[in-house]
Structures are given as structure tokens and as C-alpha cells.
Amino acid sequence: MGKTAPNDRRQNGIKQIYLVLIIAVIVIFIWLTVVISQTSGLPSVSPEVSVNQFQHGWYYESGGEKHAIEEFPAQFSYKGEEAVLYNVLPETKEGQSLMFPNDYQSVQVYVGGICIYDYGFENQPPLGSLLGNIKCFVPMKAEYGGEEISIHLKMDYWGEKAGIKSIYLDNTSNLILQMLKSQAGLVLCLILMLLFCVALFACFVWARYKKIIEESGVFLNLGLFVFLSAVWIWTDSSLSQLVFKSSIAVCVTSFFSFMLLPVPMIGFVEKICAGKTRMFRGFQLMCLLNCAVQSVFYAVGIADYPQMLPVTHLLLAAMIVFIICYLVYDVRNHASYYAKGMLVAIGTLTLFSLAALLSFYVSRRLDNSLFFRMGFLLFILILGYMSVKMLLSYHEVRTQAAVYQKLAYTDLMTQVNNRSSFEEFIDGLNTEARREKNLTFIMLDLNGLKQTNDKYGHKAGDRLLQSAAGCIKAAFEEAGTIYRIGGDEFFVAVTREDVNVAERLSYMDEKIAEYNRRHPEDSFCLSIARGTASEKEYPDCSIDGLWKKADENMYREKAACHSSR
């Protein structure tokens, strides 16, 4: 024992080093590819899609004075009902659009004093003031060139502040193509997440099919978390408006998925932790209650989702702190491997989030959101690896348990069911409520086993037993259940009405005769006495009484056989 423990620790240490090296290689590869692709001085091999920015000459009025907008993104305060940006349109053509991102603001666009676009001013949303996070596409006409354009903005949340990140003026197709190209990394991330989600749900179905009920919940919770994450990321991006017409429905879906994200994640952590606490269910109920209350407030016009977002953020922060503390507790008190893995996953996501934040301040050329997406994918992959390992470990334990159970109920000499299995079978028949009377019991006794053991040795007796079992199995293995219940006694239970017991016994006798012909060198002759009893013959007998009748008939035939010699 003292020698194996250091070996086990050495093996675990090697495994941990191996895992750390794999993670390090993946991180280095991602870092190299991202930095090289984003900062290389070589020309791009992908086709360029350039769009015309319309960001010069804009100004707004405040306090009777004009204030030029020097750069975008631009945010400014206003007094009154709305903020208004002014400019003069350059030459415009049919098929062009003015495009700018809009975050929850009411928008009107005027050209030459005529309103050509209205989003949220006159056309009010059906519930509350929620307008969503979209890109506004304002169609242009040739006659608009040289006219004054004004963009009217109104923010219903966070005081009298308005803002625009950027403004473009180009062909609508170019603007859409540029939008798709800028979101290519997001699309790839979503595809990977959905594929992983399908794999997790497939594992859940397989686990349920194999009746691995408890561990199947790990895959269900993680699959739901990945699915909700993909829905949130998709609906929170500008790509969703290319598919769905209602931006408000998309926005509501985004908030719903974001508020429900903690529910399956808490369920996942609860499944992998060795210790259990009611706090898990408490946080799940709070998240569901938060979603329900905010939805009611939004429906009756008390507040919109963005206004109530701090509540969700506080709840998420409390949940994350609780999860980390409980995982540390689980590692210290239960040495939980899966709690350690969860902490590694959280640490990985945190590191990539810090890298995204650092890249934002170091170089604006880098796509800082790419680091977060990569970290999130690694976070999900680590959790998926843990889930698969948990399932395989449980399946291995269950398989070993099934093997041990089979060994516990199997007679090693003859490879049929043993006495313990027989007694459990009889107890089950005695306790269950049975309607059909279709049982037939067959008692079988191997003739001459004691004499063979005494005269030729136990090896010869063992061979005699195995030969008898082979003949019995050839006749009844597909028709009933075979048990060895004593040294030389076998028992067969037939529960099917379509089985002709007499024919099966005749076939067994043929196999016995065939064995004796093929083994003339054996000093013994294989012979089996038998007795049968069926519920049709003895309808008033109990299970024990039926077994006794079969045993009596067997001994009656055995006695007749001895007297005829």
C-alpha cells in the first residue's frame, strides 16, 4: 500500500502537467493566430468590402449654439424632448442607404424638412418604450443630394443623453455585406456553439436511454446553457435583424435568454459538486422570479428591461460569487475533481475576458470581442469535457457493477443462474400479483454425480456437471430460465405458453444421447432425471407448492429409474 500511493500521486501529477501543456498550446495558438491576423503588415487575402463613412460636417444645437461633432462614437446631452444632428447630404443615388447603429433610442430622419424615416416617435412599440438594439437603414433617393438632413434622437432611459457610434452612406448591399463580414467571427462562434449543443443533447438522450438518470442532468443543463448563450449572443447582435422583422421581439428574446442563463448553469454546478445545498435551488428560483417580475413590469408599462438590467447584473454577480465560493469549499472538503475543473473553466474565461479588456486599451485595431468569444468557447469545451468524463466514469462503474452482479447470481461451474438468483426469482413470484396461469416448473437431477466424484475424482464430476448443464441449456436456454439450485440439481422455469415442455425434454434427451456417443472414453454415463409441474395441471397450488410437486415428480421418476435397473 505504501508503494502504490506515491505512484498514484506521480501519475496524477503527470496528468495535470499534460493537461496544463495542452491548454497552454491552445492558448498560444489562439494568441498567435489572432495577433498575426490582426497586426500583420501583409496585404489581406480576403476581398475588401469598403463602405463610405459619412462622419464629417455633423453638428448639434444646444443652448442656441452649434456644436460640431469632431469624431464618432459621439455622445451628447440635450435639453428638451429630443436631440437633433444636422448635416448636408452629398450626392446620393437610388439603392443607397444611410446606416447607423441605434441603442434603444427613438429615431426620426428628415431630409429637406420632410420625415423619411420614423422609428419609435410616431410608430410606438406595442408595450412600454423598448425599441431594441438595431442598425437603422434609411433609404436614399437621387433628389436628396445637397439637401439638409437632420437626425432626431430621443432616449427614454438614463436621462437626456443621446449618442451615435458611426454613420455610413453607401449602397445598401455593400452595407449589409460589410455588416456580415464584420460579424464573421460571431457567426463561426455561433455555429460551433450550436454543434456542441446538439452533441450535448445527443449525450443526454443516450444517457436517458441507458437509464443513467442522474448524470444525464449534467448534459441537459449544459446543453440548455449553451443553447441560451447562443440565443443571447445571436439576438444581441445586429445579424438577427436580417432574419426577423420585429426588432422588439428579438430584443425581448435577448433579455429573456440572458436572464435565464444562470438557471441551467446553477443546475450544472449542482450536479457536479459532491456536496449539496438548498442555495442552488434558491438561486434558480430567484432567477426565474426575476425574469417573471421584470416581464410583468414591462408588460404593464412600469419599466422596460434595460431600466431593470442592474437588478439582473447584481443577481448574476451574487450567483458567480456564490458558485466560486462553493466550488472552493467543495474542493477543500470533498477533493472534488469536477469542482476543480469548473474553477479552471471560470479562470480561463476570466483570463480571456481580461485579455479582451487589455486589447481594447492597447490597440483599437485588435478585435477585442474575439478574445472573449474564444474564452467562452474554451469555457464551454472544458465543461463539456468534464461532462463526458463524468458520464464515461459512471458508465464504467455501472458496467463493473453489472459484471459483479452477474457473477453474484451466476454459478461459475455451469454458467447458469445460481441458488441466490433462484431464491430471488421465487420470492418475486410469491409477492407479485399474477393473473395468467402459464408457469411450468421443471426439476432436473443429475444421476450418479456422487459415485463419479467418489470413484473417478472431482475433475470427472465437474466435467459431468458441465456436460449436463450444456444439454439443459441447449434445450431450455431460449425457452425458460435455468438455475443450479444444489450440487446435482437444476431447475427450469418456463413462463411462455407457446413452449412445448415435452418436446424440449425430448430434445434434451437427444443431446444427452449425442454426448454419450461422442465421448465413449468417459468412464461415466450422462443421465438426468426430471419432474414437471404446471399451473394448468395444479391450478390451486401456490408457487412453493408447484415447486414441491415438480420435485416430487422428479424423485418419483428417479426412483422408477433405479427400480428398473
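**Close-up views of a predicted model**

**View 1. Tyr104 lies in the loop between strand E5 (96-103) and strand E6 (105-111).** The model is predicted: local features need pLDDT of at least 70 and side-chain atom pairs count only at pLDDT 80 or more, while totals for chains, interfaces and linings use all residues. Residues are numbered from 1 along each chain as its sequence is written, and side-chain values use heavy atoms, leaving out hydrogens and water. Helices (H or I, at least four residues) and strands (E, at least two) are DSSP runs, numbered from the N terminus. Tyr104 has a phi near 60 degrees, a positive value in a residue other than glycine. At 14% relative accessibility, Tyr104 counts as buried; buried means under 20% relative accessible area, exposed over 50%, and partly exposed in between (1.4 Å probe, protein chains only).

**View 2. Gln415 is in the loop between helix H10 (368-408) and helix H11 (419-431).** Although Gln415 is not a glycine, its phi is positive, at about 60 degrees. Gln415 is partly exposed, with a relative accessible area of 49%.

**View 3. A cis peptide bond links Phe72 to Pro73.** The omega of this bond is near 5 degrees. Pro73 belongs to the loop between strand E2 (65-68) and strand E3 (74-77). Most residues other than glycine have a negative phi, and most peptide bonds are trans.

**View 4. Helix H13 spans residues 458-476.** From its first C-alpha to its last, this helix of 19 residues reaches 26 Å, close to the 27 Å expected at 1.5 Å a residue; the expected span is 1.5 Å times one less than the number of residues. Its buried residues include Gly461, Leu464, Leu465, Ala468, Cys471, Ile472 and Phe476. Among the elements covering the buried residues of H13 are helix H12 (449-456), strand E14 (489-494) and helix H14 (501-518), where contact means heavy atoms within 4.5 Å.

**View 5. Cys291 is buried, at 5% relative accessibility.** The closest cysteine sulfur to that of Cys291 belongs to Cys287, 9.4 Å away, which is too far for a bond. A search of the whole structure finds 0 disulfides, a disulfide being a pair of cysteine sulfur atoms within 2.5 Å.

**View 6. Ile302 occupies the loop between helix H7 (279-300) and helix H8 (305-334).** At 57% relative accessibility, Ile302 counts as exposed.
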